[in-house]
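Student: I would like to learn how to read backbone and packing features from a set of coordinates. Can we go through them one by one?

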Amino acid sequence: MTIRRFRAASHKDAMRKVRDALGDDAVIVSSRKTTQGAEIYAIGEADLAKLHDAEDIDATATPDFTGIAQQLLSDVQDMRAMLHQQQGDKVADDNRKRLYRQLRAGGYSDTLSRQLVALLPSALNHSNKTYPEALKWLQQQIVARISHQSEMQVHDWELVQHQGVMALVGPTGVGKTTTTAKLAANYVMQHGNDSLLLVTTDSYRIGAQQQLAIYAELLDVQMHALADGDTLDSLAEKMQGKRLILVDTVGMSQRDQRLAQKIAALGSAEKRDSTRIVLLLNAAAQQETLDEVARIYQRIASESDLIIQDCILTKLDETARMGGVLDTVIRHKLTVQATSTGQRVPEDIQVPDVEQLVADSLTADVSQSALAESEWEQGNEKLEPSQVFAHGHLIQSSMQALRNQVPHFQEFVQAWKQRVLPENWMNAAFPDELNMIRWAAPQPLQGWHHLTPHLGLNKQGLPLVPPVLHSADAPVLPDMALAPVQLFDYLPQTELLEVFSEHQTGWLATLNLNHKVTVQGQPRAVSELVKKHGIPLSKHTILYRGERRRLELTIAAAESEQSQQLVQVVYAELHGGPSKNPIQRRYWLADGHCTAEQVVERTRTMMQLEEYARLTRLAWRALGKLDLDGDVQLALAGALAAVTLHVEYHSAAQFAGLRGELLSISGKRGRVQGDKLLPAILHVMHAYESLVAAGREVEA
């Protein structure tokens, strides 16, 4: 495939060069203004046809150009439709245009609207019958880009569970004081009133302190008013022994010169690491205003070494167009922690139902959207096929995000390109960020002949690169004691677990329901023990294979077979969906020192890592076309699976955007889970290399 570059003093002259050299059916890959005029990359239809024929001959070839070719072929269709429209011929329905109008009518920005519709698969574009499917596809794309608190359970609501300082910030009238009271009431219902301190910094608005004081009196919690010019450090004595310090800040315009001083006052030397700044966004405000608020507040917070990653959407009952606030959340990579719909305390605050918010944002009447119609036409005057341009931009954006956000991803890319494992992979068993080790079972998956590599995990329970291959000489590596927590996908020798328990090294090992443990000197099946003597723990919501699920845990005490040391049997049920029965049941054995919080952390990690063996096998097959050495192929497959799970389960808002981009690249719909993300990540790597190579092709 030869992508040619054309330069001229103007875009019109460059397009004339394209037509003269490649004909009217040429496909524009990208177009941009330069200091000398205009620059266009284009490909002839004959070259494109050869590429398509090559794909038909060998469907199993390395997927360097598969996605690109699909986009280019789709672009040919779009360009011909545009030419027919100029000539006055009847053109098939354009669902991209319809979706664009729907987005703009819903309040989304022109930039995001164009980015989204440009990625619509061609199969959903030129047919009125496919519009409902195209609209559903669009909803999934938007939801995948929004990081949010789960709507399933309030018991593990992040805002209510936070320990430290939590300050609500935002412009005047956004609802900070009422939201503070709502959160305080929810906190008191779960944790009581002794561990909560309310603080107000609003000394400007008449009656503001009195309003919060009334709520404090009703909840029987302590309240303190911070004097103008003071910082939270002046309340160090009052904050002692308090689990949550909830701060209601003064409302200020994002353009107020005093805003920086007020934000800086929220930084406490003692509580800085546990300080959480939550931005309140008025859903009824204009998108441009919301964008300015988020941008300035985040910038000012960063200047004070504070971070704004969380937001609460207020006044949802007053807005007619939800798209503006959702556009701002996506653009500034914020996590939606709650939504507020009225003045009642504490009823009118909820964990967000993002799927419903997105659906509501796409129900606006488009019959009055004449402005969106004209904007769409003006944006397409360049005759530039936006789908290919957007696809290339998406490849670059995704690759940059993977490099910046996934530890050691670049080392994996280099190993993949060179087909050789880096030397530091061979010399160092695990990365520096190691906090847990997950030891894979000593037998392969059914239908496979390779052992799944071991994984190192960070403090969040997320996989790290590189993985560690099994060793026949040393099934359990000597440096395994490097990590304070050991997770086993099987039940190791009792002697090893006792050594860990003696040294107070945490561990969790997988059991089957028929495994027997000792209770008061008598052997009992773990299923029977849990049923008769189990103690239920609190319920938690976790992300599991692309969906939010409710995790219900039960623990029961038992004894080690040889030394009679205390151990714990952990039983887990995973609930979700229409059925009342659990969708998964699991048993584990844990050390006797394991606390309830540690049980939750370790079982959640084990549940989320269940995909690892299957994803490693999927990656191993995808890499089989590269003619690699056996150990190299397995190590790269394990690394690719580790990267996939890291992206799938990272809770930061930046990863929500990355998951959304990868879902677009995969061309698939539905839940964002590992078996969709893995081929998308591999495609990004292939396509990025192809685009880099194509950029060096012949100039015209």
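Student: Where is the place of P466?

Tutor: This is a predicted model, and in it P466 sits in the loop between β14 (455-457) and β15 (485-488). Most peptide bonds are trans. The bond from V465 to P466 is cis, with omega near 10 degrees.

Student: Which peptide bond has omega near 0 degrees?

Tutor: The bond from V345 to P346, which is cis. P346 belongs to the loop between β11 (335-340) and β12 (349-350).

Student: Next, phi. What is phi of Q520, and is the residue buried or exposed?

Tutor: The general idea is that most residues other than glycine have a negative phi. Q520 has a positive value, near 55 degrees. Q520 is found in the loop between β17 (516-519) and β18 (522-525). With a relative accessible area of 72%, Q520 counts as exposed.

Student: Which residue with a positive phi follows α4?

Tutor: G107, with phi near 105 degrees.

Student: Now helix pairs. At what angle do α6 and α24 pack?

Tutor: Read the angle and the axis distance together. Helix α6 (residues 131-144) and helix α24 (residues 653-666) pack at about 150 degrees, and their axes are 7 Å apart. That angle makes α6 roughly antiparallel to α24, because angles over 145 degrees fall in that class. On the α6 side, Q140, Q141 and A144 make the contact, while α24 contributes A656, G657, G660, L663 and S664. By class, the residues of this contact are three nonpolar, five polar and no charged.

Student: How do the axes of α17 and α23 cross?

Tutor: The axes of helix α17 (residues 409-418) and helix α23 (residues 630-649) cross at roughly 145 degrees and come within 11 Å. The crossing of α17 past α23 is left-handed. Its contact is formed by F409, F412, A415 and W416 of α17 with L636, A639, L640 and V643 of α23. The classes here are eight nonpolar, no polar and no charged residues.

Student: How many helices and strands does the chain have, and what percentage of its residues count as buried?

Tutor: The chain has 25 helices and 23 strands. Of its 700 residues, 53% count as buried. For the surface, take the total and then the share by atom type. The accessible surface comes to about 31300 Å², and 48% of it belongs to carbon and sulfur atoms.

Student: What share of the contacts joins residues 24 or more positions apart?

Tutor: Such pairs account for 70% of the contacts in the chain with a separation of 6 or more.

How values were computed:
Residues numbered from 1 in each chain as written. Predicted model: local features only at pLDDT ≥ 70, side-chain atom pairs only at ≥ 80, totals over all residues. Heavy atoms only, no water. Helix = DSSP H or I, 4+ residues; strand = E, 2+ residues; numbered from the N terminus. Axes fitted to C-alpha atoms, helices over the stretch in contact; angles between N-to-C directions. Parallel < 35°, antiparallel > 145°, perpendicular 65-115°, else oblique. Contact = heavy atoms within 4.5 Å. Nonpolar A, V, L, I, M, F, W, Y, C, P; charged D, E, K, R; others polar. Left-handed = near helix turned anticlockwise from the far one by under 90°. Buried < 20%, exposed > 50% of the residue type's maximum accessible area, 1.4 Å probe, protein only. Areas by Shrake-Rupley, 256 points an atom, 1.4 Å probe, with all protein chains shown as cover.
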